[in-house]
Amino acid sequence: QVQLVESGGGLVQPGGSLRLSCAASGRIFSINSMGWYRQAPGKQRELVATIGNDDSTNYADSVKGRFTISRDNAKNTVYLQMNSLKPEDTAVYYCNLDRRTVLGGRQRDWGQGTQVTVSS
């Protein structure tokens, strides 16, 4: 099966930076996109950023200009550089893989999540 392993979360002061990493492994036939989602206490999971197989990117309005998503195709790894962090960025961040199966279907895989806390 496919496994996603996140790293890089932690505690940071407002205005600080963190860099999240997510490495995908297993039988991956074809990648449609990879991305990051987050879930704060009492709120539903929301999209943060995605990057397509054509390198197109999509960001939530709340993080535009502050976060940057990138990937290393050779390693099937996606990164999220987070700058100018705000307390409202506090959440569990989840890595997502949107992929095509060998039979032509679509599958989404999720990491276990990494905690990001922005506090003074």
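## Exercises on a predicted chain

In this model, Arg38 and Asp89 are joined through their side chains by a salt bridge, with N and O 3.0 Å apart. A salt bridge here is a side-chain nitrogen of Lys or Arg within 4 Å of a carboxyl oxygen of Asp or Glu. The model is predicted: local features need pLDDT of at least 70, side-chain atom pairs count only at pLDDT 80 or more, and totals for chains, interfaces and linings use all residues. Residues are numbered from 1 along each chain as its sequence is written, and side-chain values use heavy atoms, with hydrogens and water left out.

**Exercise 1. Describe the salt bridge of Arg71 and Asp55, and the cover of each partner.**

Step 1. The closest N and O atoms of Arg71 and Asp55 are 3.2 Å apart.

Step 2. This pair links distant parts of the chain, with Arg71 in strand E7 and Asp55 in the loop between E5 and strand E6 (57-59), 16 residues apart.

Step 3. Arg71 counts as buried because its relative accessibility is 17%. Asp55 has a relative accessible area of 48% and is therefore partly exposed.

Step 4. A further salt bridge joins the side chains of Asp61 and Lys64 at 3.1 Å, N to O. Asp61 is exposed, its relative accessible area being 64%.

**Exercise 2. With which strands does E4 pair?**

Step 1. E4 pairs with strand E9 (residues 91-100) in the antiparallel sense, over 9 bridges. Two strands count as paired if DSSP finds at least two bridges between them. Tyr37 stands opposite Tyr94 in E9.

Step 2. E4 also pairs with strand E5 (residues 46-52) in the antiparallel sense, over 6 bridges. Here Ser33 stands opposite Gly52 in E5.

Step 3. E4 and E5 form a hairpin with 6 residues between them, and Gly42 in its turn has a positive phi of about 80°.

Step 4. Of the 10 residues of E4, 8 are buried, and E4 is thus mostly covered.

**Exercise 3. Which strands stand at the edges of the open sheet, and why is one side of each left without a neighbour?**

Step 1. The open sheet has 4 strands in the order E1-E3-E8-E7, with antiparallel pairing.

Step 2. Strand E1 (3-7) and strand E7 (67-72) stand at the edges; each has a single partner strand, so one side of each has no neighbour in the sheet.

**Exercise 4. Is Phe29 buried or exposed, and which residues share its nonpolar surface patch?**

Step 1. Phe29 is found in the loop between strand E3 (18-25) and strand E4 (30-39).

Step 2. Because its relative accessible area is 52%, Phe29 is exposed.

Step 3. Together with Val102 and Leu103, Phe29 makes a nonpolar surface patch of about 400 Å². Patches are made of residues with over 30% relative accessible area and no salt bridge; like charges are joined within 9 Å, and nonpolar side chains (Val, Leu, Ile, Met, Phe, Trp, Tyr) within 5 Å. Accessible areas come from the Shrake-Rupley method with a 1.4 Å probe; for residues, only the protein chains shown count as cover.

**Exercise 5. How many helices and strands does the chain have, and what does it span along its principal axes?**

Step 1. The chain has 0 helices and 11 strands.

Step 2. The C-alpha trace spans about 50 × 25 × 25 Å along the principal axes.

Step 3. Of the 120 residues in the chain, 43% are buried.

Definitions and conventions
Helix = DSSP H or I, 4+ residues; strand = E, 2+ residues; numbered from the N terminus. Buried < 20%, exposed > 50% of the residue type's maximum accessible area, 1.4 Å probe, protein only.
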